[in-house]
Amino acid sequence: GLGAVGDKAEALAQRPGLIAVCGGKKTATLDQDAAAWLHRPNEPVETRLFDYWPGQQGIPHRFDEVARDCEFAGNTLVLVGEVNGKHADADDLERERRLILEHDTTVAKSPTWTVGGAGSGTQSRALAVDVDDKGRYVITGYSCGDACEPDGEVRIHLAGGKLQWQASLGPLATTFAGPHDVAWSPAGYLVVALAQLDGQSLRFKVQAFATDGAEPLWTYLPADMQGLQVALALAIGKFGEIYAGGIGAGNYPAIAYIPG
C-alpha cells in the first residue's frame with residue numbers, strides 16, 4: 001500500500017528492528033533519485049531519497065540514480081546500483097556508472113557516495129551486494145562500452161568505498177545473463193549467480209571466488225543444456241551449503257543444491 005507511479009522497489013534488506021526496501025523514486029523535477037523506505041515496528045514508514053551531486057558542488061537533480069540491491073553493515077545501509085547522466089569525463093554523453101551508497105540509518109545526514117569512473121569501459125553497473133565476515137562490501141556487476149556488451153566482475157570494497165580486490169567474470173554477451181546475485185559463504189569465499197552463453201542459449205551458472213586470487217575456485221553448470229537457463233538468486237546455509245534458484249529448461253523454476 002506504499003508508493004506512487006514510477007517508484008521502483010528493487011531489493012529488500014533487514015536487521016533486527018528494521019527492514020529497508022531499496023530502489024528508486026521519481027521526483028517533481030522528473031529525474032529519479034535512489035530511495036530507501038525504512039520500516040520499523042509500530043512506526044510510520046520513513047522515506048530516504050538520495051540525489052547525486054558530483055563533489056556536492058553541482059546542480060541537484062541532474063542525474064538519475066537507482067539502487068539495484070542493498071544490505072546492512074551494522075547501522076549502515078549499503079545500496080548499490082547506477083548513476084546515469086553526463087559525468088565529467090563522459091564527453092557530454094549520458095552514461096551509466098557504478099554506484100555504492102553508504103547511509104547511516106540512525107541519522108538523516110548526507111550519505112557517502114562512491115561512483116565509478118571510466119575504468120575498463122565507459123559504463124558500469126552494480127547489481128548485487130553482500131557483506132563479508134570482515135564488514136567489507138562484496139559487489140557484483142558489469143562494465144561495458146557505449147554499445148553495452150557487458151563484462152562481468154566481482155569486487156570487494158572497504159567501508160568508505162575504497163576498492164580492495166576485483167576479478168573478472170568474463171564476457172556475458174547480454175545483460176540478461178546478470179550477474180544477478182552475490183553471497184558471502186562461511187567457508188570464506190564469495191558466490192555469484194549468473195548465466196553463461198552456450199551457443200545460442202544461456203546456461204544456469206554459479207561460481208565461487210576467493211578474494212586472494214582472480215580465478216574461480218569452482219564453477220557449477222547443470223548437465224542439461226537445453227533452452228534458456230539463468231541463475232537469479234542465492235542463499236547460503238550455516239555450513240556453507242549453497243542454494244541457487246532461477247530459470248531452468250522449458251522456462252520452469254530451477255533450484256540447485258551445491259555442497260559448499
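The legends below describe close-up views of a predicted model. Local features need pLDDT of at least 70, side-chain atom pairs count only at pLDDT 80 or more, and totals for chains, interfaces and linings use all residues. Residues are numbered from 1 along each chain as its sequence is written, and side-chain values use heavy atoms, with hydrogens and water left out.

**View 1. Strands E13, E14, E15 and E16 form an open sheet.**
The strands stand in the order E13-E14-E15-E16, and their pairing is antiparallel. Strands (E, at least two residues) are DSSP runs numbered from the N terminus, and two strands pair if DSSP finds at least two bridges between them. E13 (181-184) and E16 (218-220) are at the edges with a single partner strand each, so one side of each has no neighbour in the sheet. On average, neighbouring strands of this sheet are turned by 30° against each other, direction ignored. The axes are lines fitted to C-alpha atoms, and angles run from 0 to 180 degrees between N-to-C directions. Strand E15 (residues 201-209) is joined to E16 by 3 bridges in the antiparallel sense. Val206 has Tyr220 in E16 as its bridge partner.

**View 2. E6 pairs with E5 and with E7.**
E5 and E6 run antiparallel and are joined by 9 bridges. The two strands form a hairpin with 2 residues between them, and Gly74 in the turn has a positive phi of about 65°. Ala73 has Thr76 in E6 as its bridge partner. E6 is also joined to strand E7 (residues 94-104) by 11 bridges, again antiparallel. Of the 11 residues of E6, 8 are buried, so this strand is largely enclosed by the rest of the structure. Buried means under 20% relative accessible area, exposed over 50%, and partly exposed in between (1.4 Å probe, protein chains only).

**View 3. The largest pocket holds about 340 Å³ of space.**
The pocket is lined by 19 residues, and Arg68, Asp69, Leu127, Ala128 and His180 are the closest to its centre. Strands E1 (8-15), E5 (64-73), E9 (123-131) and E13 each give two or more residues to the lining. E9 gives the most, with 5 residues. A pocket is an open set of points on a 1 Å grid over the protein atoms alone, where a 1.4 Å probe fits, with protein on both sides within 12 Å along at least five of seven lines; lining residues have an atom within 4 Å of a point. Grid points are joined across faces, edges and corners, and the volume is the space filled by probe spheres set on them.

**View 4. Gln32 lies in strand E3 (residues 32-39).**
With a relative accessibility of 7%, Gln32 counts as buried. Leaving out residues up to four places away in sequence, Gln32 touches several residues, among them Gly6, Lys8, Phe63 and Asp64. Contact means heavy atoms within 4.5 Å.

Leu30 is in the loop between strand E2 (18-26) and E3. Its phi is positive, about 75°, although Leu30 is not a glycine. Leu30 is exposed, with a relative accessible area of 70%. The loop between E12 and E13 contains Ala173, whose phi is also positive, near 75°. Ala173 is partly exposed, at 47% relative accessible area. Pro179 lies in the loop between strand E12 (163-171) and E13, and the peptide bond from Gly178 to Pro179 is cis, with omega near 5°.

Note on methods. Helices (H or I, at least four residues) and strands (E, at least two) are DSSP runs, numbered from the N terminus.
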